[in-house]
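Here are my notes for you, as numbered points. Keep the structure open while you read, and look up each residue as it comes.

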Amino acid sequence: MGSTRPPAAAMLAAFVTTSELAFVVLSAFLHAIWSASIKGSRNPLGFNLLQLVPPVAAACLLPFWVPLGDVPRAVWWIAIGTGVSHGLYFYWMARALASGELSVVYPIARSAPAFLPLFAVLLLGESVTARGALGIAVVVAGMWAVQADAGVVGWQRFRAPGAKFAWLTLLASIGYSLCDKAAMARLNAATWHSAVPPAVVYYVLL
């Protein structure tokens with residue numbers, strides 16, 4: 001009687017899918033803590049600027065650990081674009097959280113999943129299934145439902161203090177997400193000689 005256990009390849013694929021989902025959920029959890037910490041700080045913009053100190057220090061040491069010639073030329077150009085987008089994101093997020101409520105700012109600023117698939121299809125040649133589109137719509141609808149007031153969506157809250165900067169934060173997050181995806185695709189295809197993962201190197205380059 002044959003074994004009912006799945007082949008090793010299928011088990012590995014299931015593990016990779018599960019681990020990727022776990023990383024996404026963990027990232028979302030950490031991002032929520034990060035945003036709440038910015039909101040609770042005395043100076044949100046200063047809080048964001050202080051976060052740049054460790055990566056800058058790491059960037060000074062990067063050439064000793066990574067052959068920078070392994071980084072494709074295109075990635076350097078993409079890093080410039082995403083660096084600008086990240087800078088605007090940090091600034092606009094700080095301004096939004098300094099002047100608006102977290103329950104107003106966060107759902108707007110984190111609505112990128114509603115728009116990213118469209119840009120990914122048009123600019124990166126990716127595809128989205130009908131089931132995937134439905135899942136994205138449900139998640140984003142749930143985030144925006146936070147704005148509900150007594151069963152009626154309070155659309156006026158989207159014009160509340162901080163909302164303007166939240167919309168700009170959303171725009172910046174779409175920009176850097178597209179850049180990061182393009183850069184990581186090129187890094188993963190490049191020949192790599194360092195023990196430092198390409199994702200870490202790219203983060204420090206920003």
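1. Let us begin with Glu101, which counts as partly exposed because its relative accessibility is 49%. For these labels, buried means under 20% relative accessible area, exposed means over 50%, and partly exposed lies in between, using a 1.4 Å probe and protein chains only. You will find Glu101 in the loop between H4 and helix H5 (102–109). Its C-alpha atom is 8.9 Å from that of Ala163, although 62 residues separate Glu101 and Ala163 along the chain.

2. A word on what you are looking at. This is a predicted model, in which local features need pLDDT of at least 70 and side-chain atom pairs count only at pLDDT 80 or more, while totals for chains, interfaces and linings use all residues. Residues are numbered from 1 along each chain as its sequence is written, and side-chain values use heavy atoms, with hydrogens and water left out.

3. Now the overall plan. The protein chain holds nine helices and two strands, where helices (H or I, at least four residues) and strands (E, at least two) are DSSP runs numbered from the N terminus. Read from the N terminus on, the order of elements is α-α-α-α-α-α-α-β-β-α-α. Of the 206 residues, 29% count as buried. The chain exposes about 12900 Å², and carbon and sulfur atoms supply 72% of that area; accessible areas come from the Shrake-Rupley method with a 1.4 Å probe, and for residues only the protein chains shown count as cover.

4. Contacts come next; here a contact means heavy atoms within 4.5 Å. Among contacts in the protein chain with a separation of 6 or more, 77% join residues 24 or more positions apart.

5. Is Val105 buried or exposed? Val105 is buried, with a relative accessible area of 1%, and its place is in helix H5. Leaving aside neighbours within four places in sequence, Val105 touches Met93, Ala96, Leu97, Gly100, Gly162 and Ala166. Val105 and Phe165 are 60 residues apart in sequence, and their C-alpha atoms are 8.2 Å apart in space.

6. Compare two residues from the start of the chain. Lys39 lies in helix H1 (residues 8–40) and is partly exposed, with a relative accessible area of 31%. Apart from neighbours within four places in sequence, Lys39 is in contact with Leu97, Gly100, Glu101 and Leu102. Pro44 belongs to helix H2 (residues 44–50) and counts as buried at 9% relative accessibility.

7. How do H4 and H8 cross? The axes of helix H4 (residues 73–99) and helix H8 (residues 163–189) come within 8 Å and cross at roughly 155°. Axes are lines fitted to C-alpha atoms, for helices over the stretch in contact, and angles run from 0 to 180 degrees between N-to-C directions. H4 and H8 are therefore roughly antiparallel to each other; angles under 35 degrees count as roughly parallel, over 145 as roughly antiparallel, 65 to 115 as roughly perpendicular and the rest as oblique. By class, the contact of H4 with H8 has 17 nonpolar, eight polar and three charged residues. Ala, Val, Leu, Ile, Met, Phe, Trp, Tyr, Cys and Pro count as nonpolar, Asp, Glu, Lys and Arg as charged, and the others, Gly among them, as polar.

8. Finally, look at H9. Helix H3 (residues 53–65) and helix H9 (residues 198–205) have axes that come within 8 Å and cross at roughly 115°, so H3 is roughly perpendicular to H9. Pro55, Ala58, Ala59 and Leu62 of H3 meet Val201, Tyr203, Val204 and Leu205 of H9. This contact has eight nonpolar, no polar and no charged residues. H8 packs with H9 at an angle of about 135°, with axes 10 Å apart, which makes H8 oblique to H9. Cys179, Asp180, Ala183, Met184 and Leu187 of H8 make that contact with Pro198, Ala199 and Tyr202 of H9.
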